[in-house]
Amino acid sequence: MPACHIVEWRNYIKLFCNNCGNEIDENSKFCSKCGQPVQNINQNPVSGNTSDGLPDTTYNKQPTNKNKNQKEQWTYLIIAGILLIAIIAGITIKQLKHGNKAVNTENAQNNTYDNNTNNNTSSNIKEDKPDNGDIETIKNTGNKDNISNKDNANNKDNTNKKKNKSKKSNNKSVKSSSEYILPDSDRKYYKMKDLKGLTASKARLARNELFARHGRKFDDKELQKYFNSLSWYNGTIAPEAFHEEEFFNKYEIANRDLIIKYEEKKGYR
C-alpha cells in the first residue's frame, strides 16, 4: 500500500505521507519525517477536480459498518418502545373497563336489595293491618287454647310411650349383648389373650355361637336347648344346609380358627 496520498486542486499537486501526514516533495522517495517510502506521482495519478472545485476526498467517504449498526440498533429500540407503550396502554384500558363494570354490578345489586327491602317492608305493613276476621279469631281463642292443651297432653303421652319403648329396647340389647360369650366375634379380630380363662364348655359355646348368629340349628340337644334360651337366637337353617364359607365373614372365620387353636392348646379337643 503506498505510503503517501496526492491532493490535486486546480492543477496544483501536493503529496502527503499516509503514515504521519507530513507534506512531501514530489521528487522525494521517502518521507522526511517518518521515513516511509513514497510512490511516484506519475505511477498513481489521482483523478481530477470534483464538480464543486474542491479536492477529491473519496477515500474518506465510504460509510463504516459501525454507523450502520448503530442506526439499526436505534431503529429497533424505537420500535420496541412503541410496542411496549401500546401494550401498557391496552392493559390499563382493560383494567379500567373491568373496574367500571364491577362498580356498575355492585350498584345494581345494591339497588335490587333496596327494592326488595322496601317491598318486604310494605308487605309486612299490609299483613299487620287487621281485617274483619280478627274479631272471630278473638272469640274462638278460648276454644283453640283448649284444643292446644289437649294436643300437648297427647304429645306428652306419646313421648312417654316412646321413652318407655326405647328403655325396653335398650334393656333388651344390653341383655342380649350379655348373653354372648364373645359379643364382637362377627366384627373384630380376637386375640389369644382375649380367650384366657375360657373353660372347655365356654370355649365350645363361643365356637358354636358363630353358627347360631346366622340361625343354624344343632343336632346336639344340649347346644340347641342352650341357644333356644337366648333372646337373640332364631334357628331356621338345618345343619346340613349350613356352609360356613358361605355364611361367615372374614372376622368370623378368623375367630373360629382362633378358638380351635385355643381348645387344642388347652387340651379341650
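**Rings and cysteines in a predicted model**

Colleague: Is F211 buried or exposed?
Modeller: This is a predicted model. F211 has 10% relative accessibility. The cut-off for burial is under 20%, so F211 counts as buried.

Colleague: How are the planes of F211 and F242 set, and what does that make the pair?
Modeller: The ring centres lie 5.7 Å apart. F211 is in helix α4, and F242 is in the loop between α5 (221-228) and α6 (244-247), 31 residues apart. F242 is buried as well, at 7% relative accessible area. The planes meet at 50°, so the pair is tilted.

Colleague: Which helix does Y251 bring to its pair with Y189?
Modeller: Y189 and Y251 form a tilted aromatic pair, 4.7 Å centre to centre with 50° between the planes. The two are 62 residues apart, with Y189 in the loop between α3 (141-178) and α4 (200-212). Y251 lies in helix α7.

Colleague: Which ring does the charged end of K188 sit over?
Modeller: K188 is one of the contacts of N255, along with Y189 and Y190. N255 is in helix α7 and is buried at 2%. At 4.9 Å from the ring centre, the charged end of K188 sits over Y190.

Colleague: How many disulfides does the structure hold?
Modeller: A disulfide needs cysteine sulfur atoms within 2.5 Å. For C17 the nearest cysteine sulfur, that of C34, is 3.5 Å away, so C17 is in no disulfide. For C20 it is that of C31, at 3.6 Å, and C20 is in no disulfide either. The count for the structure is 0.

Terms used. Residues are numbered from 1 along each chain as its sequence is written. This is a predicted model: local features need pLDDT of at least 70, side-chain atom pairs count only at pLDDT 80 or more; totals for chains, interfaces and linings use all residues. Side-chain values use heavy atoms; hydrogens and water are left out. Helices (H or I, at least four residues) and strands (E, at least two) are DSSP runs, numbered from the N terminus. Buried means under 20% relative accessible area, exposed over 50%, partly exposed in between (1.4 Å probe, protein chains only). Contact means heavy atoms within 4.5 Å. Rings of Phe, Tyr and Trp (its six-membered ring) pair if their centres lie within 6.5 Å; planes under 30 degrees apart count as stacked, over 60 as edge-to-face and the rest as tilted. A charge sits over a ring if NZ of Lys or CZ of Arg is within 6 Å of the ring centre and within 35 degrees of the ring normal. Lists of a residue's contacts leave out its neighbours within four places in sequence.
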